[in-house]
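This report describes selected local features of one protein structure. Please consult the sequence and the structure shown below while reading.

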Amino acid sequence: MSDRFVFDPRDDRYKSPFGATACGSTVTFTLRPLPDEGFAACVLLACCEFGGTEQECSLPAAGGQGDLFSGVYTVPAQPELIWYAFRFTRRDGSCVYFGRNGYCDLPQLQRWQLTVYDDTFLTPQWFGAGVTYQIFPDRFCRLSVPVPDGMVGNRVVHQYWDDQPVYRPDERGAITNRDFFGGSLQGIISKLDYLAELSVTTLYLCPIFESDSNHRYNTADYMSIDPMLGTEADFRQLCDEAHARGMRVMLDGVFNHTGSNSRYFNALGCYPQLGAAQSQQSVYYPWYHFRRWPDDYDAWWGVRTLPAVNEENPDYRHFIITGEDSVIRHWMRCGADAWRLDVADELPDDFIADIRRVMTEEKADSFLLGEVWEDGSNKISYSRRRRYLLGGETNGLMNYPFRAATLHWLAGGSAAEFRESMETLRENYPPAAYYSALNILGTHDTARVLTLLGASNDAPVGSKDQRAVYRLSPAERARGAARLRLAALLLYAFPGSPTIFYGDEVGMEGFEDPLNRGTYPWGREDEDLLQYFRHLGSIRKARPSLQRGDISYLRAEGPGLVFRRASGGEISLAVLNAGDEPLDLLLPWSGAMAADALSGQQFFVKDRTLHLSVPPISGLLLI
């Protein structure tokens, strides 16, 4: 950060309003250099990335001694990403520049970011306010052992629910993901009351369309539910029963690539209609890019079983998005309320915008989530700056930066680093996007959070075989569970939708894919951990301050993190200690008493100050 005495973009005395701003609005900039700097004038330098222009805005002297410069800048009327800094002119006519790295010459100047977004595109509040539960459908709940006869691909079905997923490559060295456990849509329906007890408001389902792999990210038929999961009627029933419990359903849209064994590519002839790999006369041939037909083609990250599609092809776009019975429209009419876009970085901006437009036509309060692993406000992919959050594309993004910052803090990093990472997002994201982030501790693409938090540094996990059989010792599990409780408290108290990857709430373990995709341990749950997650969900559900409240930090130093959420007159205070020693704190509190919503413990307030001693690896949620 720059010298805070001169300029601090996160302090409204220097920049107002905070953070991103709507198209055509005004921003007041105020700089406070020291009088002995001898400055006579100050100019805002605003570089508009998409417009390709450099604008200058004079900030007149207001203090009378060259120690205060303030002015109003009107941002462009179109969405924009502005990189800004300042130029001071001394009384002798010489110039010096001021940026994130302080006073410097022009070549060394580092600029701040100002996101300009179109606020006419509205984001529904239901997503960020509520709790999301991510389900890997094959592994959540089965009601019977399915028979895979007649289904696309060579499937192996585990007879025993507690088996370990197959993780070793086949004789050709390939990971096929062809072993199935038989979780189904009806199985999910049977557990909706369980999810309601967790205060879940959004079911996020990994792909459910026909595919020959257990993860189903290599779609074979976008218009058919995978037979092992059930039928379209089962999906409609799931949506109806979820809606009756106040839950919405999010589908996973994998539109950058299909499966090689899909009805569209049909490399092995699994479908009767000619696919692109069988004939250049196939109606699907223009969907793909062949360097040399039929066996040299573009594929996602070079994975030959995932041939990449050309999203610019009008027939493909009509099929997925704009057609009267397109994939997007069809499944929303069946009951889906939201879509998550797999590998959003691979999709063109106008493709995403078309999806958002069609979704809004079908359901005005629908929600579009993008899979982006970094700060999505300034992401560059394929040498192009992306526009996910500028209006008209995604409503929100997966918050992998939250996960990274949380795990780093719990592993001994400073709470100041967590705050800096999260405040950067709050500064860069439009408010609706910041409050609609999918906050995660783990997903189907990451190791189980309990394993990461509990495993010792010297654990014998150098090979995949070792990682496959590794289980936390009682001491490791106790340590991991304590850290997980603290991480979950942070997750539920933070802006954005707290998200549970199925089974994390009952202590599932496992390293990377597919070791993180075991079956939910029905009947063998960690009941203490489960009750803790249920309690967190009920607190979040009852308190508007945790759902949509403003956030401000009271402490972020070493292992100690304290932040306040406020909405109207309601205040919730999260007090967290990730260290191995007790944390003694003095915190301002306006009431006569404070109560920990987690334990019910009450604290007396003296002289409007709370005196707290927070035990190691624990936290309070004060109300």
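Two strands are taken to pair if DSSP finds at least two bridges between them. The model discussed here is predicted. In it, an open sheet is built from four strands in the order 27-28-29-34, with antiparallel pairing. From one strand to the next, the twist averages 10°.

Seven bridges link strand 27 to strand 28 (residues 560-567) in the antiparallel sense. Within this pairing, R555 has V562 of strand 28 as its bridge partner. Helix 13 (residues 474-493) packs on the sheet and touches strand 28, strand 29 (570-577) and strand 34. The direction of helix 13 makes about 30° with that of strand 34.

Strand 7 (residues 80-90) and strand 8 run antiparallel and are joined by four bridges. Strand 8 (residues 95-99) is mostly covered, since four of its five residues are buried.

Strand 8 also pairs with strand 9 (residues 102-104), again in the antiparallel sense, over three bridges. Two residues connect strand 8 to strand 9 in a hairpin. Y97 has C104 of strand 9 as its bridge partner.

## Cysteines

How many disulfides does a search of the whole structure find? The search finds zero. The sulfur of C23 has its closest cysteine sulfur in C48, at 11 Å, which is too far for a bond. C104 is likewise in no disulfide, as the nearest cysteine sulfur, that of C95, is 13 Å away. A relative accessible area of 10% places C104 among the buried residues, because buried means under 20%.

Q134 belongs to strand 11 (residues 131-135). Its relative accessible area is 0%, and Q134 is therefore buried. The side chain of Q134 forms a polar contact of 2.8 Å with the side chain of H444. Leaving aside neighbours within four places in sequence, the residues in contact with Q134 include Y204, C206, G442, T443, I500, F501 and Y502.

Q164 is located in the loop between strand 12 (156-157) and strand 13 (179-180). With 32% relative accessibility, Q164 counts as partly exposed. The side chain of Q164 reaches the backbone oxygen of A468 at 2.6 Å. Beyond neighbours within four places in sequence, Q164 is also in contact with H158, F181, V469 and R471. The C-alpha atoms of Q164 and E311 are separated by 37 Å, and these residues lie 147 residues apart along the chain.

## Helix 14

Helix 14 (residues 527-542) comprises 16 residues. From its first C-alpha to its last, helix 14 reaches 22 Å, close to the 22 Å expected at 1.5 Å a residue. The N-terminal end of helix 14 is capped by D526, with a side-chain oxygen 3.2 Å from the backbone nitrogen of D528.

The buried residues of helix 14 are L529, L530, Y532, F533, R534, L536, G537, I539 and R540.

Definitions and conventions: Residues are numbered from 1 along each chain as its sequence is written. This is a predicted model: local features need pLDDT of at least 70, side-chain atom pairs count only at pLDDT 80 or more; totals for chains, interfaces and linings use all residues. Side-chain values use heavy atoms; hydrogens and water are left out. A disulfide is a pair of cysteine sulfur atoms within 2.5 Å. Buried means under 20% relative accessible area, exposed over 50%, partly exposed in between (1.4 Å probe, protein chains only). A polar contact is a pair of N or O atoms within 3.5 Å; within protein, one must be able to donate a hydrogen and the other to accept it, and residues adjacent in sequence count only if both atoms are side-chain atoms. Contact means heavy atoms within 4.5 Å. Axes are lines fitted to C-alpha atoms, for helices over the stretch in contact, and angles run from 0 to 180 degrees between N-to-C directions. The expected span of a helix is 1.5 Å times one less than its number of residues.
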